[in-house]
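Here are my notes for someone opening this entry for the first time. Please read them with the model on screen.

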Amino acid sequence: MRPGGVVGWALAAPALVVIGVFFILPVIAGLALSLTDFDLYALADLSTLRFVGLDNYLRLLHTPLFWQALGNTLYFVAVGVPLSIALSLGAALLLDARVARWQGLFRTALFAPVVTTVVAVAVIWRYLLHTRYGLINQALGDLGIAPIDWLGDPHWSMPAIILFATWKNFGYNMVILLAGLQAVPRELYESARVDGAGTFRRFADVTLPMLTPTLVMVAIMTLAGYFQLFAEPYVMTQGGPLRSTVSVLYFMYEEGFRWWNLGYASAVAFLLFVIIFALSAALLRFDRDPAAGR
Amino acid sequence: MAAGSPTLPRAIRGAPMRLTQPGNQARRRALQRLAASSALVTLAGCGRADDPRGPVNFWAMGREAEVVAELLPAFHARHPDVRVHVQQLPWTAAHEKLLTAYAGGSLPDLCQLGNTWLPELTALDALEPLDARVADSAVALDDYFAGILDTNVMPTAGGHRLFGLPWYVDTRVLFFRSDLLRAAGHAQPPRSWPEWLAAMRAIRLRGGSRTYGVLLPLNEPDPLFALALQQGALLRDDNTRGAFSQPPFRRALAFYAGIFREGLAPAMSNTQIANVWDEFARGLFAFYVSGPWNIGEFRRRLPRELQADWATAPLPGPSGPDVSTAGGSSLVIFKSSPRKLAAWRLVEFLSEPATMQRFHALTGNLPPRRSAWRAPALAADAPSRAFAEQLERVRAAPKIPEWERIFQEMQLAAERVVQRKQTIEAATTELDATVDALLEKRRWLLARAQATARR
């Protein structure tokens with residue numbers, strides 16, 4: 001080992017110990033737990049703990065509610081992530097526009113939902129979404145649309161959750177994208193204009209390619225975050241109606257902390273980890289291969 | 001959800017790296033001081049928790065926790081040496097909190113416990129049997145409604161033991177609009193299923209398409225559960241397998257789903273009904289299967305001119321008055337408590353008929369002791385009388401930790417039948433398969449216990 005190596009390891013050791021104790025060990029313990037049937041009975045008497053191998057995973061694949069939860073989560077991710085990023089990008093472009101005034105004020109206002117408490121905001125959104133007295137249905141009523149039972153109808157509950165989550169989160173990505181936009185050299189736009197490119201061509205051929213790395217990072221983080229949908233259904237619908245807003249994480253929470261099937265819940269957690277990992281890896285390829293982004 | 005939150009702290013986490021060396025040392029010293037002081041606090045805390053003369057920690061839920069403080073002065077007057085510390089838990093978080101406290105060894109001395117949670121905490125061996133203490137005290141067990149008391153008796157290896165004393169009771173009866181019922185030609189509330197159906201049909205016929213006979217919210221398992229209890233056992237083989245595909249439950253489900261099929265009940269969950277009391281006042285439905293808290297709510301929320309037109313009646317049974325659910329809360333003492341005697345003194349005090357009457361006056365909660373019902377506030381109260389009658393006929397739910405979950409699964413199966421997604425046969429067969437899978441560990445434990453006994 002190089003002489004510097006020892007010093008390096010010594011300096012890194014405190015951080016490594018913390019990561020080991022608070023991250024790696026729990027992850028290994030969780031993985032081990034997912035191979036057992038740790039439940040209420042095992043909590044009372046450890047001798048009833050059984051090693052079940054991959055049974056939890058196999059059982060999971062045969063549980064209709066898990067597939068429904070996965071379907072709900074994919075619905076949320078497939079609609080929510082593009083919508084959220086499009087909204088963030090739109091807001092960032094507006095803020096970045098030369099004509100925009102009071103940029104600081106708007107940036108703060110649009111970022112505000114991100115730093116609010118989900119539970120508090122959910123109370124307000126429940127009022128907004130109320131079938132009879134809600135502002136949203138009143139506005140729709142003015143347009144001649146019959147009232148929608150947002151949180152009671154299984155077809156509308158997920159769109160309501162998506163709406164809420166998107167509103168709550170788009171500000172975060174907006175700030176990152178705004179920073180990305182401001183880093184695009186102005187000369188590129190100037191030369192594009194000299195070459196006769198219109199607004200749309202400049203956006204498609206200058207802004208988007210320059211923004212690709214930022215967009216990929218934003219997409220990965222949003223994807224990973226949105227897959228972990230939990231607090232919104234927890235405070236708004238408790239998974240209902242007809243379990244239409246049960247997400248994978250909500251399913252795991254119910255199994256683990258409501259029914260105390262910790263072994264089974266750990267298996268859910270690992271499966272979710274594998275899914276997020278695979279999708280993030282797939283997205284990263286866009287970033288590595290510059291041609292793929294254009 | 002974690003969309004922004006897990007990423008946000010990363011920006012903040014970078015900050016300490018910029019700390020200069022002296023700053024770091026100061027920080028380390030501060031941390032050391034913090035660690036030392038927190039160790040002291042922990043030690044002091046431990047000392048207090050194990051002290052037999054310390055205050056009795058009493059966990060209570062929701063409204064009961066607010067009200068119990070008003071009962072305590074009378075208790076302190078009698079037991080000046082016992083201090084009580086009441087902690088309020090919200091109902092929605094209480095179950096998790098109890099299990100987590102058990103796992104973390106930080107249970108209180110005394111707790112208010114929904115009686116359907118008793119099997120779970122008995123399975124954890126967390127509760128103190130109360131038989132001996134009751135025998136030595138003035139608490140008269142035969143004064144309690146038998147069905148309610150039974151929910152606190154659990155089978156153990158050493159026979160049946162009493163693990164809690166009922167604090168207040170809950171069951172389901174019929175709330176109804178007496179004016180609508182009379183107008184439809186029924187002077188008396190229905191006592192059997194056929195009478196009930198006839199009354200609902202008459203009301204529907206008279207009221208037209210915007211009236212229903214009864215409101216049975218699709219996300220509430222209790223009404224169907226009460227009807228099913230009237231038909232027979234829901235589990236078989238020593239509570240290790242479901243009996244939902246057997247004729248008794250199928251009959252109950254057929255009656256329940258039939259009410260919806262005939263258009264006598266709206267297929268709605270109670271999140272879809274903005275205000276049950278408004279709709280009841282408007283006459284959207286004439287019957288409502290509900291519990292004691294709605295006596296107070298109906299008085300508060302229904303318009304004055306309607307106050308003479310609602311009443312309660314015991315739940316109709318297949319062929320005459322029959323059983324309903326045995327719910328409510330019990331007072332339990334935890335095995336881990338170092339202050340069991342002091343905690344028991346409080347249980348004794350709260351179980352006295354006079355205290356129960358005051359408790360009823362403060363909360364509207366119905367007392368579990370018959371002698372407490374002699375108070376004029378209860379004996380002369382017409383809506384409460386139906387409960388008094390019903391409480392003589394209540395039946396405990398299966399006493400297994402998995403029951404709460406089976407209960408939910410049962411309602412989901414019923415919902416699928418009502419929404420015409422499945423037939424009664426298919427839904428109950430599938431329900432039994434689900435329940436059998438949930439009870440697999442129970443069967444294994446039982447087989448293991450039998451094998452050890454044989455050896």
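1. Domain bounds here come from an automatic or database domain assignment. On that basis, chain B of this predicted model is divided into domain 1 (52-170 + 327-380) and domain 2 (173-325 + 399-447). The C-alpha centres of domain 1 of chain B and domain 2 of chain B lie 29 Å apart.

2. How many residues does the contact take from domain 1 of chain B and from domain 2 of chain B? Domain 1 of chain B gives 10 residues and domain 2 of chain B gives 11 residues. On the domain 1 side, the largest share is 3 residues, and these come from helix H5 (residues 118-123) of chain B. By class, the residues on the side of domain 1 of chain B that touches domain 2 of chain B are 4 nonpolar, 4 polar and 2 charged.

3. On confidence in chain B: its mean pLDDT is 87, and 88% of its residues reach 70 or more. Two stretches should be set apart from that average. Over residues 1-28 of chain B, pLDDT stays under 50, and the model has 24 contacts beyond four places in sequence for them. Over residues 34-48 of chain B, pLDDT also stays under 50, and here the model has 1 contact beyond four places in sequence. Where pLDDT is low, the predicted coordinates should not be read in detail.

4. Turning to chain A, what does the chain consist of, helices or strands? Chain A has 13 helices and 0 strands. The C-alpha trace of chain A spans about 75 × 70 × 35 Å along its principal axes.

5. Chain A has 294 residues, of which 35% count as buried. Among its contacts between residues at least 6 apart in sequence, 67% join residues at least 24 apart.

6. Next, the contact between the chains. It takes 31 residues from chain A and 24 residues from chain B. Which helices of chain A each supply at least two residues of the side that touches chain B? They are helix H2 (40-44), helix H8 (154-182), helix H10 (199-227) and helix H11 (231-236) of chain A. By class, this side of chain A has 18 nonpolar, 8 polar and 5 charged residues.

7. For the complex, the predictor gives an ipTM of 0.73 and a pTM of 0.80.

Technical notes: Residues are numbered from 1 along each chain as its sequence is written. Chains are lettered from A and ligands numbered from 1 in the order in which they are written. This is a predicted model: local features need pLDDT of at least 70, side-chain atom pairs count only at pLDDT 80 or more; totals for chains, interfaces and linings use all residues. pLDDT is the predictor's confidence in each residue, from 0 to 100. Two residues are in contact if their C-beta atoms, placed from the backbone, lie within 7 Å. Helices (H or I, at least four residues) and strands (E, at least two) are DSSP runs, numbered from the N terminus. A residue is buried if 20 or more other C-beta atoms lie within 10 Å of its own, exposed if 12 or fewer, and partly exposed in between; C-beta atoms are placed from the backbone. Ala, Val, Leu, Ile, Met, Phe, Trp, Tyr, Cys and Pro count as nonpolar, Asp, Glu, Lys and Arg as charged, and the others, Gly among them, as polar.
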